[in-house]
Amino acid sequence: MTEASSARATRRHHWRRDIVELAALFSAVAVADVLAHTIAHDPSGPAMLCSAAVALLAMAGFHVWWSRRHENAPPPTDTGATAASPTGPAPGAGGQETVLWRMRTTVRDEPGSLAVLCTALGARRVDILSLQTHPLSEGTVDEFLLRAPAALTSAELTRTVSEAGGTHSWLERADAHDLVDAPTRMLGLATRTALDSSELPLSLRQLLGRCTIRSVPARWLRGQPLAEQVPTEGVLEKHRMKFRDPSGGSLTIERPQLPFTPAEFARVRALVDLDARLGQRVPPRRDVLTLPEGNEITVRRADTSDLAAAREMHDRCSPKTLGLRYHGPVGDADRYLGHLLSPRFGRTLAVETASGRLVALGHLLWDGDETEVALLVEDAWQQRGIGSELLRRLVTMAAETGCESVYAITQSSNTGMVAAMRGLGLPLDYQIEEGTLVITTRPADLPARQETPQSVWIQDGTGRR
């Protein structure tokens, strides 16, 4: 109930009470007149007078009890009010919708500076859900998670922070995942990194927000040195961080829109050190599928331990198949395998026959802010649905890791790859230049797929359906 409606209800209540009191007054005057005539002309007048006094005392006592009961009664409950949900937009004061924001700003390292900023946010009905501080030599970077009225625009919020003394402010929309506190988030990212080598770039992007991460191998495919020598402790620059890769290469992280802080540098270094200590690792999941003609195949994660089997598959592939996959001289195909199979640069799925022979590879490669998907199926196993199965699994992986877009580079004559991309049931963008075809899609729109009865998940040697 609003203040205006409460005031109207109060005024309406007073008006009715005044009417009741006037009616009671006139009634009392009429009764008193009748009693006066009766007492004056009737012998039983004194008895009637005493009875009336008792009745009046009883009525007065009842009136006092009734008044006190209503004065001490609790206020009426507004059944239409709902509590604000911590996981998304919710009604704020007055029933208005709210949204979550992540904000970072720099304040002077002086007593009271943060209090001024918090007071200014409170005046705009902005709720501070969490706060992290990053001390610097020239000030303190404060990182907030805010719940603000939906009507408050980003420009107004930024202006409020600026007027309260905040400088170099940065603002972006947040979601329910940002409600997790910093220690819990770091533990979750460390767990992801420990279970899978390919998770390190994804964990870093989730920790730092929008940034570009590049892994550079130690040498070119032909053997020339490529990566620069990075000190063991890493390098922190204003908008760039560099670390030494365990394989001998380098890992570079850039964020032009927001400088890095020493606290962020320390967190990233801890994740990189954890990844280096654990070495190369992939989850042991294996899926056994039955092809339409009855052959059983196994789909699993692959790494550099499959290098010899992948080279043998290359030897069984025709030059045309290798040319469609690598877009260059067939003789250089084997040089790419070490890079493609490394979990440092993405995820690879391998397809094995019942005898254990490798017959197909599917790659999901991290490429800065984008993700590339690529397939290679041995000639004798083509046109059996293996490529479509690998492609769907890879795009689903991209969707689970939060990739916004996935692209495939092939030749316009590669009808098999085009058909597999169209089979995803997703909107596709085509770009053709000098015979090279780039097909781009958004994995978040991938429709859900029902598991077939022939699909079995084998984990640690135990079959589970």
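Q: Which residue stands opposite Val235 in β7?
A: Two strands pair if DSSP finds at least two bridges between them. Strands (E, at least two residues) and helices (H or I, at least four) are DSSP runs, numbered from the N terminus. Here, Lys242 in β7 stands opposite Val235, and Met241 in β7 stands opposite Leu236. This is a predicted model, where local features need pLDDT of at least 70, side-chain atom pairs count only at pLDDT 80 or more, and totals for chains, interfaces and linings use all residues. Residues are numbered from 1 along each chain as its sequence is written, and side-chain values use heavy atoms, with hydrogens and water left out.

Q: Over how many bridges do β6 and β7 pair, and in which sense?
A: β6 pairs with β7 (residues 240–244) over 2 bridges, in the antiparallel sense. The two strands form a hairpin, with 3 residues between them.

Q: In what order do the strands of the sheet that holds β6 and β7 come?
A: The order is β5-β8-β7-β6, an open sheet of 4 strands with antiparallel pairing. At its edges are β5 (212–216) and β6 (235–236), each pairing on one side only. Inside that order, β7 and β8 pair over 5 bridges in the antiparallel sense, and Phe243 has Leu251 of β8 opposite.

Q: Which helices pack on this sheet or lie across its strands?
A: Contact means heavy atoms within 4.5 Å. Axes are lines fitted to C-alpha atoms, for helices over the stretch in contact, and angles run from 0 to 180 degrees between N-to-C directions. Helix α6 (residues 199–208) packs on the sheet and touches β5, β7 and β8 (250–254); the direction of α6 makes about 25° with that of β8. Helix α7 (residues 262–278) lies across β6, β7 and β8, at about 25° to β7.

Q: At what angle do α5 and α6 pack?
A: Angles under 35 degrees count as roughly parallel, over 145 as roughly antiparallel, 65 to 115 as roughly perpendicular and the rest as oblique. Helix α5 (residues 182–195) packs with α6 at about 165°, their axes being 8 Å apart. That angle makes α5 roughly antiparallel to α6.

Q: Which residues of α5 and α6 meet?
A: From α5 come Arg185, Met186, Leu189, Arg192 and Thr193; from α6 come Glu199, Leu200, Leu202, Ser203, Gln206 and Leu207. For classes, Ala, Val, Leu, Ile, Met, Phe, Trp, Tyr, Cys and Pro count as nonpolar, Asp, Glu, Lys and Arg as charged, and the others, Gly among them, as polar. The contact of α5 with α6 has 5 nonpolar, 3 polar and 3 charged residues.

Q: Why is one side of β2 and of β4 left without a neighbour in the sheet?
A: The sheet concerned is open, with 4 strands in the order β2-β3-β1-β4 and antiparallel pairing. β2 (127–135) and β4 (167–173) are at the edges with a single partner strand each, so one side of each has no neighbour in the sheet. From one strand to the next, the twist averages 15°. Between β1 (residues 98–107) and β3 (residues 140–149), which run antiparallel, there are 10 bridges; Leu146 in β3 is the bridge partner of Trp101. Helix α4 (residues 154–163) lies across β1, β3 and β4, at about 150° to β4.

Q: Which residue takes a positive phi in the hairpin of β15 and β16?
A: Glu434 does, with phi near 55°, in a hairpin that has 2 residues between the strands. β15 (residues 428–433) and β16 (residues 436–441) pair over 6 bridges in the antiparallel sense, and Asp429 stands opposite Thr440 in β16.
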